[in-house]
Amino acid sequence: MAYLSEILGRPVTDLDGKSVGKLKDVIVRPWAEFPHPLIEAITIETKGGVSRSYPFAAVAALLSPVIPLKYRAEEAPTFELKDDDVLLSRDVLDKQIIDTDGARVVRVNDVELIRVNGTIYVSNVDISWLGILRRMGLVGLAHFLSGRIKQKGISWDDVELMRRDQSMQLRVPAERLHELHPADLAEIVSDLNRLESGQLLDTLDVAHLADTLEEVEPEFQAELVEHMDDERVADVLEEMEPDEAADLLGDLPEDRKQDLLALMEKDDADDVRKLLAYPEDSAGGIMTTEYAAIPSNLTAMEAIKILHGMADEVETMYYVYVVDEEAHLIGAFSLNNLIFASPGAQVKDFMSKRIITVNLTDDQETVAQTVAKYDLVAVPVVDEQNHLHGIVTADDALDKIIPTAWKKRLPRFYR
Amino acid sequence: MTESFAPAKRGFFARRWRQILLFLSVFGPATITAMADNDAGGVATYSIAGAQLGYPILFPLVIITVLLGITQEMGMRLAVITRKGLGDLIRERFGVKASLFMFGALLIANLGTLVTELSAVKTTASMLKIPAVPAVIVIVMVSFFFVVRGNYKATQTLMLFACLFFLAYIFSAIKAKPDWGLAVSNLLYPHGVTWDAAYTRNFLLIGMGVLGTTITPWGQFFISSFAFDKKIEKGKVNFSQMEAYWGAFLTDFFSFFMIVATAAALFGSGKPLLDGIQAAEAIRPIAGNLAGSLFAVGILNAGFMGLIVVSLSTAYAFAEFFGLSGSLNNTFKQSKTFYILFGIQMLVAAVVALFGNISLFKIAVFTQTINAVALPLVFFYLLKLTNDRKLMGEFVNNKFQKYFSIVCTIVIVIASIFTVAAAFFT
């Protein structure tokens with residue numbers, strides 16, 4: 001086992017032992033089949049300040065105090081850099097990477113190399129203080145401490161690299177990132193710089209991107225979509241819950257907002273427009289229009305069938321609302337009630353008729369208090385004539401009352 | 001329900017209103033950083049300047065405002081465009097050794113500054129007849145828990161609220177019944193005193209000192225970290241730039257009144273001053289009890305602001321240099337090291353301020369020395385980064401900014417070296 005910090009700067013000699021320069025960088029090439037990249041070549045800096053790359057095959061021993069080449073300097077084969085080559089010192093050392101195992105952004109202090117049968121692989125990246133000690137030249141101290149302190153290296157397998165070149169994509173499939181929870185992704189995105197977070201979001205598919213954006217603080221959402229193209233943002237907005245989409249649009253400049261609404265599917269755009277018409281902190285502004293509502297003249301069996309068909313549109317069903325022909329809210333029941341009712345029972349017989357509602361123009365404070373007082377998971381929003389317009393989930397009601405940082409400390413149940 | 005979504009024709013006022021809203025949405029980092037530059041040490045320096053030199057020392061204030069505005073704008077622009085703190089960028093561009101050195105200098109100098117803040121809190125509290133030791137402990141505890149439990153917005157609001165206390169200096173100044181005409185005209189050219197050799201020498205020395213306490217390494221780090229934590233959109237960068245200039249103006253607007261208050265009350269009285277609290281004491285018999293007490297409240301508040309901002313700047317810088325998560329929007333659990341470092345500094349400074357037997361003057365000189373060493377480096381990095389087209393894109397320094405900021409940097413560096421040299425030789 002060796003460290004990049006130890007070999008960088010070591011003298012490189014040719015076949016005759018004549019000095020040709022100092023080791024400047026180590027080039028690795030990611031493979032598709034094996035998670036740990038292989039060292040392909042080295043870059044040296046000659047005394048005159050010129051950089052030259054040699055293939056690893058031309059190096060007699062990389063991990064020795066003096067690095068000898070197998071050729072004379074002028075006869076040695078040179079190595080052509082390709083775009084997807086990773087230069088460990090240029091692209092990895094001191095840079096931020098995503099640790100997909102721990103779902104966080106960290107800074108690389110050192111890179112660990114390992115020799116297997118004459119080839120050298122990158123095994124781990126070192127983010128510990130020992131890496132910093134080694135970089136400072138205190139190799140002895142780092143070695144002394146390494147036996148006593150638990151190392152927290154990150155296997156290269158779990159590393160997602162942010163490339164410095166703007167046009168370049170992340171390592172192409174980036175599957176590891178896609179397995180992360182949207183909440184984790186949201187946190188990673190907020191830790192990256194502008195370029196990097198843009199690159200990261202570019203690799204996500206629309207559904208995943210929508211989920212991730214929903215987890216981000218509203219003000220930051222606007223910043224993230226600032227430089228995304230309109231088509232993609234419109235697709236994402238369609239995918240998001242209408243209330244979240246409305247929040248995001250509310251933070252964008254007026255003309256961009258109109259452009260995006262025009263690009264969205266009509267149904268989705270109409271839902272969002274409805275929400276945008278209400279003040280941001282009113283029941284109308286925080287409600288979602290995705291809820292399950294059914295007519296009253298059904299049996300329990302028929303109701304289940306209808307709800308089954310809604311599965312695609314309504315992400316979470318808390319309560320099922322019962323409305324008459326003019327969309328007046330006349331009752332509600334929970335999924336419990338439905339499942340325990342006999343299949344032939346009429347909806348209007350087992351639904352509860354006394355429903356707690358809030359008005360479209362009620363402020364968020366009132367909604368939050370209502371939700372808390374009656375222990376509701378969601379509360380229906382109606383107008384003066386008792387027409388059902390949407391629901392506010394407990395989560396959204398409490399959102400602005402309790403700052404996010406505090407909310408995260410509450411027991412899961414209340415979130 | 002009616003739906004009308006045709007973009008309404010916007011009148012002049014609607015457009016203005018929107019501009020104001022946009023400005024308010026980025027408002028905070030630069031104003032807080034700039035106001036915190038008038039921390040307890042800053043108030044002390046301004047008081048001494050006003051008492052010893054009278055109104056003519058108002059003249060350098062204009063230059064300081066320009067220098068502060070220019071340097072703050074660079075730090076702000078860097079953070080908004082790259083969405084990275086200065087610490088992050090130094091580590092990525094200049095490596096581990098530069099980062100460690102910078103962080104070491106920042107940590108030590110900031111600890112010194114924190115001791116000054118808390119000592120000022122201690123003495124001011126006893127002047128206001130508040131028990132000193134509990135006052136310091138309470139301020140440290142409140143700062144710690146508020147910042148840890150709250151999010152970015154809460155801390156920003158608290159700091160902006162603290163800025164309001166600077167109004168106290170305006171009242172003190174009015175109470176001291178100054179010659180306003182002389183004060184304002186001295187902003188344009190220094191006059192109204194006899195320029196003998198001793199006065200001129202003091203004028204130069206104290207003028208440099210004033211510059212040195214206003215433009216600091218922690219100020220440069222804090223503005224970029226705080227702007228980064230606020231996550232300002234790139235499209236609003238021009239509003240952030242405006243805020244940077246506005247912050248510089250506002251700070252020196254209040255500095256003006258500090259100087260006026262002490263100049264009107266104390267200049268020519270022959271009373272030697274060593275710190276801001278003595279100024280508050282000395283103002284009392286001349287401008288009245290209220291003026292003195294208000295001045296003292298101002299110092300207390302300046303100490304409180306400095307305490308939070310300076311210790312946060314170290315914590316942010318640490319997180320950036322060494323790649324840990326550090327954001328006020330994180331919980332204690334998510335950013336443990338960040339918050340612990342924030343708290344530990346205040347704790348150490350509190351212990352030293354309360355029980356240490358070290359001369360405050362020595363600490364001030366020591367702090368100033370380290371700042372003078374670190375400041376040229378900070379500006380070197382800042383200029384390197386803001387001149388890098390690859391990093392900044394279209395927001396790279398233009399020719400004027402490039403050369404003007406180099407000139408500013410040289411002036412600041414000379415001033416800080418001067419101050420240190422003066423402290424050692426007098």
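**Reading a predicted two-chain model**

Mentor: In the largest nonpolar core, which has 140 residues, Ala261(B), Ile283(B), Phe295(B) and Ile299(B) touch the most other members. A nonpolar core is a set of buried Ala, Val, Leu, Ile, Met, Phe, Trp, Tyr and Cys residues joined through C-beta atoms within 7 Å. Helix H14 (residues 289-321) of chain B gives the largest share of this core, 20 residues. A second, separate core of 97 residues includes Ile120(A), Leu177(A), Leu209(A) and Val322(A).

Trainee: How are the labels to be read?

Mentor: Residues are numbered from 1 along each chain as its sequence is written, and chains are lettered from A and ligands numbered from 1 in the order in which they are written. This is a predicted model, in which local features need pLDDT of at least 70, side-chain atom pairs count only at pLDDT 80 or more, and totals for chains, interfaces and linings use all residues. Helices (H or I, at least four residues) and strands (E, at least two) are DSSP runs, numbered from the N terminus.

Trainee: What is pLDDT, and what is its mean in chain A?

Mentor: pLDDT is the predictor's confidence in each residue, from 0 to 100. Chain A has a mean pLDDT of 81, and 91% of its residues reach 70 or more. Residues 165-173 of chain A have a pLDDT below 50, and this stretch has ten contacts in the model beyond near neighbours in sequence. Over residues 404-415 of chain A, pLDDT also stays under 50, and the model has 13 contacts for them beyond four places in sequence. Where pLDDT is low, the predicted coordinates should not be read in detail.

Trainee: What counts as a contact, and with which residues is Ile283(B) in contact?

Mentor: Two residues are in contact if their C-beta atoms, placed from the backbone, lie within 7 Å. Apart from neighbours within four places in sequence, the contacts of Ile283(B) are Ser172(B), Ala176(B), Ala261(B), Ala265(B), Ala291(B), Gly292(B) and Phe295(B).

Trainee: Is Gly298(B) buried or exposed?

Mentor: A residue is buried if 20 or more other C-beta atoms lie within 10 Å of its own, exposed if 12 or fewer, and partly exposed in between, with C-beta atoms placed from the backbone. Gly298(B) lies in helix H14 of chain B. Gly298(B) is buried because 28 other C-beta atoms lie within 10 Å. Beyond four places in sequence, Gly298(B) is in contact with Val43(B), Phe165(B), Phe166(B), Ala168(B) and Tyr169(B).

Trainee: Which residues of helix H8 (residues 206-215) of chain A are buried?

Mentor: They are Leu209(A), Ala210(A), Thr212(A), Leu213(A) and Glu214(A). Their cover includes helix H6 (182-191), helix H7 (194-202), helix H9 (218-225), helix H10 (230-239) and helix H11 (242-250) of chain A. In H9(A), the buried residues are Gln221(A), Ala222(A), Glu223(A), Leu224(A) and Val225(A). H8 of chain A is among the elements that cover the buried residues of H9(A).

Trainee: How many residues of chain B are in contact with chain A?

Mentor: The size of an interface is often given as the accessible area lost when the parts come together. Here residues are counted: 24 of chain B are in contact with 27 of chain A. On the chain B side, helix H5 (residues 86-127) gives the largest share, six residues. That side has six nonpolar, nine polar and nine charged residues. Ala, Val, Leu, Ile, Met, Phe, Trp, Tyr, Cys and Pro count as nonpolar, Asp, Glu, Lys and Arg as charged, and the others, Gly among them, as polar.

Trainee: Which domains does the assignment give for chain A?

Mentor: Domain bounds come from an automatic or database domain assignment. For chain A it gives domain 1 (1-161), domain 2 (178-277) and domain 3 (292-404). The C-alpha centres of domain 1 and domain 2 of chain A are 39 Å apart. Six residues of domain 1 of chain A are in contact with five residues of domain 2 of chain A.

Trainee: How many bridges join S8(A) to S9(A)?

Mentor: Two strands pair if DSSP finds at least two bridges between them. S8(A) and S9(A) run antiparallel and are joined by four bridges. Val106(A), in S9(A), is the bridge partner of Ile97(A).

Trainee: Where does Asn117(A) lie?

Mentor: Most residues other than glycine have a negative phi, and most peptide bonds are trans. Asn117(A) is not a glycine, yet has a positive phi of about 50°. Asn117(A) is in the loop between strand S10 (110-116) and strand S11 (119-126) of chain A. Asn117(A) counts as exposed, with 4 C-beta neighbours inside 10 Å. Lys231(B) also has a positive phi, near 55°, but counts as buried, with 21 C-beta neighbours inside 10 Å.
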